[in-house]
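Have the structure open as you read.

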Amino acid sequence: MERFRANLMLCAGTGCVASGATKVRAALEKELKKRGLKEEITVVLTGCNGYCAQGPVMSVLPDEIFYQSLTVEEVPKLVEEHFLKGRPYEKLMFKEPEKKLAIPLMKDIPFFKHQVLRVLRNKGLIDPEKIEEYIARDGYQAAAKALTQMTSEEVIKVIKDSGLRGRGGAGFPTGLKWEFASKVQSKVKYMLCNGDEGDPGAFMDRSVMEADPHAVIEGMIIGAKAIEAHNGYIYVRAEYPLAVKRLQMAIEQCYDAGLLGKNILDSGFDFDLEIYQGAGAFVCGEETALMRSIEGKRGMPRPRPPFPAHKGLWDKPSVLNNVETLAQIPLIILNGSGWYRSLGTEKSSGTKVFALTGAVNNIGLIEVPMGTPLRTIIYDIGGGIKKGRKFKAVQMGGPSGGCIPESLLDLPVTYEDIVKTGAIMGSGGMVVMDDNNCMVSIAKFFLEFTADESCGKCVPCRVGTRILLDMLADITEGRGKEDDIETLQDLSRDIITSSLCGLGQTAPNPILTTIRYFMDEYESHISQKWCKAGVCRDLCTFFIDEELCKGCGACLRACPSKAIIGEKKKPHKIIQEVCVYCRTCYETCKFNSIKILPAGAHEPKHMLVETKT
Amino acid sequence: MPRLTIEDLQKIKEKHRATFTLREGGYRAKITVHMGTCGIAAGARDVMTALMDEIANAKVEDVIVATSGCAGLCAREPMATVEIINHPPVKYGDLKADKIREIFKEHIIGGNPVEKYALVVGSETTY
Amino acid sequence: MADNTKILVVDDEPVVVRSCERILKAEGYDIEGALSGREAILKIEENNYNLVLTDLKMPEMDGITLIRWIRKSRPSIGIVVITGYPSQETIKDALDLGIIDYVPKPFTPAVLTDVTRRAFEWIKGKALEKKIEEEFPPSMLNELDRVVNQYKKKPGSSIPVLQRSQEVVGYLPPVIQKRIAKGLNISPAEIHSIVSFYSFFTMKPRGDHTIRICLGTACYVKGIETIINKIKETLGVEVGETTKDRKFSLETVRCLGACGLAPVMVIDHDTYGALSRKKAIDAINQYAPVGINETPAEEIEAVEGE
């Protein structure tokens, strides 16, 4: 077989492809050929590396040098310097944000340093389109073990003992779910995978499906064995074309290799698996709705019981597991429940993958042991808040979750601790917000989402979310009333208790948590008609503090409506009649001289003092 | 791909061991060929090619090859450093294709440094 | 064709013409009579009839000759035969010429109105079919039928069928939904319930290029709203609409899962990340020119440059 002295692991995930990985690959191969290195060095396309914001990224092995923000123009220089002359090319290395020092080795970059890779064990290390590479990393060994050396009961016991909980959001113990379904007598059962990752701000499952599709398939084979199912579906969002393509390819490879279909690995066990593409409905992430959707109907939830373990897809016993949950299964079978429990906490064992996005310096996909404090994730891995701004909240759990304030940053990330804050673990979206964000608007953003995605089957959710949204719109547009906060809370509680499915039962969480931790913002919106973040256009006025203005003219040039006047080196002024409240000047000013006051304010000096940040 | 048996899984794993030794670490020996301007001018490319050839023929899976810049001793280029884990590294100079082939057989496979080509023993390790 | 309910009744017996007129007028049809084939031809040449009811046995020109003439010169007119002598032979001739139905004399008013109503339904269906064929090329419809047949026997296949169909046709208007429903042997209502539920499906034609803007949290936090506004303003459309020149359709999507690149949009299959207003318009311009940014580039960079 071919031997190479170096493998260039180029990320070909959605993010890096969008930032030009395909062109970079072509340029690399051309340059390697030109320099006569084609026989020595090969380019390997990997799944999502997780460090999407700096894409395209590439790690050079065995050197372990990490390159980011690759461009076609830089490729010749990179090849000449590193691969021909052996001098790692500093220009494309990760730079430490504050001191701008280059960090050559991937393992030294803080973003990667604090992570423990289990679910993402193969990210950037294998070509997801080659089954041999997955097998070379112990792939399908666990399936072989489960199918030939273990009984269904033994498989279920290991998973139960491991304490693995569903990574889709609610955290139901996976082993228990399997046990319920295994105990129901039925000739036909279904093993299903939920790849309908709908939470805005979450992309863990997409990355896993793209970077390691075989891990998901192997997890499904083992689950099928545990519950004695012989048919399965992977339900994937239509918005994830690359994930669909990689999974399809992986399934075909498995059929060719006898890892799916009849008599898998000569064990006598049969399992057929196919992909079902969703069609864009958030509610289909709910298990009963998802099953309805596979049946080819409107994806609306139904009351439980009966639970899917008894009556699921086509009324047959079914188990639905999340992508990340399934990707952990092979590891647990191979290494045992004790190994799995060695990380995490008593009630939340193992690791969890998060999609860290928003106002942090290092954006990307991370995997940390359960129980890691939020502060470590945001400041050590995430590298703190962009441009040195002030942290305001971290949103977890998407539209079903909530905003966690700074005072709770030392909280360990576990299912139990996150629930106490009013947010939920959710599928792993973690959106960091700084002081540029208005929390009432954030609540409104999520309610717009849930009101729109409510399937309409039950009234509390369909009408309730709409009323909540209208009230929030009133508050952000200056029509808020004194008792609104109380009404919001009352209505929220009613919706939670009376909705049919998880969508309605959790939809008010963003409102309740923002009221709980950011009550002052609601109050200032309602009583002072003042959005202190300057986001709600009807509730703010922008002024330039003449004492702080240096007359640099940056805001004047930036203003899209030419509302700022002033001579160079003299204090500038905003013409209120022309201002469109776009915040551009506020973000442009380097001297903190732009002040946000309530709507219709006339620059009273005492307020200027109060708003200084 | 034909239908796999459990034994096949193991065989595929063995077959790819070399690739993953390279990617994951865990190698036994590392040979660094110095490829500065001077090294290349003096024929480091031929040395590299010969070395890659030897590795492929010998079917060893725990040896990796790296390149580095000028070693600072331009007069003795082409140069290479052989590091066997837990042994002092050995720098060789004035290399040619046949010399590196000999070094590969004697030192990397056999474990005995080739003293007649060695410049220095026990410089800094790079692993 | 006003109302599309204009009828000509042709019979050499005035009493038959009169009774037909009386019965069908009461049902709201616009009906006229002719007492011979020759008179019928003259009237048809003058007026736009949708349906002709004709006797077969008439002096001078018989019904079959009239039907032949209508088929040749006015193929879109539907024909129903009224006859007192329904011999196998003549009816067969008439059926071969493509008549819709026949009414044996004597007939009750109920039979006549029933046959007429069904004849108009048939004409309407025919017109719809013709419209489909005009609007969608046969190769496209063949491909659509092939997709439907491929999934026909698989349970729960309506969503994949609609996904493939939308790929083939570009959108799912009612006529296409009906054709799919017929092919899958389920009710059009059921197909419609699925099309209207899932955001992936559209009943309106799309532009050559589809711009999908991500509304995910990360994109929201990073100011996607100002970018959407800029695009709306530049293209002159709202979200969910297609530009007048059918070049672009503007859509939003819940989350593209590319949060690391926020704010993000996708044009057809290409993802554009880390957008600014200028970058977004520049990207769109690569597909078809949509005009130049009014604000000079340097000023925009000053706004958005980080």
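Chain C and chain A bury about 3700 Å² between them, with 57% of that on carbon and sulfur atoms. Buried area here is the accessible area (1.4 Å probe) that two parts lose on being put together, summed over both. On the chain C side, Phe197(C), Thr217(C) and Arg254(C) lose the most area to chain A, together 18% of what that side buries.

Some ground rules before going on. This is a predicted model, where local features need pLDDT of at least 70 and side-chain atom pairs count only at pLDDT 80 or more, while totals for chains, interfaces and linings use all residues. Residues are numbered from 1 along each chain as its sequence is written, chains are lettered from A and ligands numbered from 1 in the order in which they are written, and side-chain values use heavy atoms, with hydrogens and water left out.

**Chain C on chain A**

In terms of contacts (heavy atoms within 4.5 Å), 39 residues of chain C touch 56 residues of chain A. How many salt bridges cross the interface of chain C and chain A? The rule finds one, taking a salt bridge as a side-chain nitrogen of Lys or Arg within 4 Å of a carboxyl oxygen of Asp or Glu. Lys154(C) pairs up with Glu274(A) in a salt bridge, the closest N and O atoms being 3.2 Å apart. There are also 15 residue pairs in polar contact between chain C and chain A, both at pLDDT 80 or more. A polar contact is a pair of N or O atoms within 3.5 Å; within protein, one must be able to donate a hydrogen and the other to accept it, and residues adjacent in sequence count only if both atoms are side-chain atoms.

On the side of chain C that touches chain A, α7(C) gives the largest share, five residues. Helices are DSSP runs (H or I, at least four residues), strands likewise (E, at least two), numbered from the N terminus. By class, that side of chain C has 20 nonpolar, 11 polar and eight charged residues. For these classes, Ala, Val, Leu, Ile, Met, Phe, Trp, Tyr, Cys and Pro count as nonpolar, Asp, Glu, Lys and Arg as charged, and the others, Gly among them, as polar.

**Chain B on chain A**

Here 36 residues of chain B are in contact with 43 residues of chain A. The rule finds four salt bridges across this interface; Glu133(A) and Arg23(B) meet in a salt bridge at 3.0 Å, N to O. The elements giving two or more residues to the chain B side include α1 (6–15) and β2 (63–68) of chain B. That side has 19 nonpolar, 10 polar and seven charged residues.

**Inside chain A**

An automatic or database domain assignment sets the domain bounds, and among the domains of chain A are domain 2 (131–340) and domain 3 (351–434). Arg167(A), Phe203(A) and Met204(A) supply 36% of the area that domain 2 buries against domain 3, more than any other three residues. Two salt bridges cross between domain 2 and domain 3 of chain A, and Glu416(A) and Arg165(A) form a salt bridge at 2.9 Å, N to O.

**The interfaces in numbers**

| Interface | Buried area | On carbon and sulfur |
|---|---|---|
| Chain C and chain A | about 3700 Å² | 57% |
| Chain B and chain A | about 3300 Å² | 58% |
| Domain 2 and domain 3 of chain A | about 1400 Å² | 59% |
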